[in-house]
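Definitions are given where a term first comes up.

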Amino acid sequence: NDADIDAPEAWDRTTGSSSVIIAVIDEGVDLAHEDLSSKLVAGYDATGLGSGGGPSGDDAHGTNVGGLAAASSSNGLGVAGVCQQCRIMPVRIAYSDIFGYWVTNDATIANGITWAYQNGASILNNSWGGGLEATVINTAISNAKTLGRGGKGSVVVFSAGNSNSSVSYPAYLDSVIAVVASNLCDQRKKPIADVCNGYEYW
């Protein structure tokens, strides 16, 4: 059903530009990853733990997101990111505790968003969401939308959520782009084993 994002077709037109910086606002990006390290710009640890945008231990969520966005291409390693020529700005706003739960707060999140747009991020990717609406986060997003990219405004993207229900905060804000996964049949992906054309997958 052609439910993919047509990346190979897009690459016939452009593979992106190194002037486009994608901030991965997450648990951190592996700063030494063989498929990402050449694409990284200076990062930031808003949690105050001094990682420079790297993760703690084997937290891999931000690293995975960075790879999808802009991993190096044509190097015989890993995958090719969707925006092959773009650069990655690792911004750490959280870390996982021993139970796998995110540890963060509204001020830390707002700090990370603010740092990203003030330091040249063209796109602010936030593959997370949920919790109560917070004025400090809303203000940071609004400022990124109006003041980022030298006053042109940065693009701000949020995950709609993994529960296959209503769109979560902050993705439901009018000022951001909400993203949700779809299955191979172009239906909203379920958070359990899914079936498409008789094929079951996770």
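How do the residues of the lining of the largest pocket divide into nonpolar, polar and charged?

1. The lining of the largest pocket divides into 22 nonpolar, 13 polar and 4 charged residues, where Ala, Val, Leu, Ile, Met, Phe, Trp, Tyr, Cys and Pro count as nonpolar, Asp, Glu, Lys and Arg as charged, and the others, Gly among them, as polar. This is a predicted model, in which local features need pLDDT of at least 70 and side-chain atom pairs count only at pLDDT 80 or more, while totals for chains, interfaces and linings use all residues. Residues are numbered from 1 along each chain as its sequence is written, and side-chain values use heavy atoms, with hydrogens and water left out.

2. About 1600 Å³ of space lies in this largest pocket, and of the 39 residues that line it, L68, S127, V179, V180 and A181 are the closest to its centre. A pocket here is an open set of points on a 1 Å grid over the protein atoms alone, where a 1.4 Å probe fits, with protein on both sides within 12 Å along at least five of seven lines, and lining residues have an atom within 4 Å of a point. Grid points are joined across faces, edges and corners, and the volume is the space filled by probe spheres set on the points. At least two lining residues each come from α2 (61-70), β6 (123-126) and β7, and α2 gives the most, with 4 residues; helices (H or I, at least four residues) and strands (E, at least two) are DSSP runs, numbered from the N terminus.

3. S159 belongs to strand β7 (residues 155-159) and is buried, because its relative accessible area is 17% and buried means under 20%, exposed over 50% and partly exposed in between (1.4 Å probe, protein chains only). Leaving aside neighbours within four places in sequence, S159 is in contact (heavy atoms within 4.5 Å) with N126, S127, W128, S168, A171 and V179. The C-alpha atoms of S159 and W128 are 5.4 Å apart, although 31 residues separate the two in sequence. The side chain of S159 also reaches the backbone nitrogen of G161 at 3.1 Å.

4. Some backbone values deserve a check. The peptide bond from Y169 to P170 is cis, with omega near 0°, and P170 sits in the loop between β7 and β8 (177-179). D6, in the segment before α1 (7-11), has a phi near 60°, a positive value in a residue other than glycine, and D186, in the loop between β8 and β9 (194-196), has a positive phi of about 65°. D6 is partly exposed at 26% relative accessible area, whereas D186 counts as exposed at 52%. Most residues other than glycine have a negative phi, and most peptide bonds are trans.

Note on methods: A polar contact is a pair of N or O atoms within 3.5 Å; within protein, one must be able to donate a hydrogen and the other to accept it, and residues adjacent in sequence count only if both atoms are side-chain atoms.
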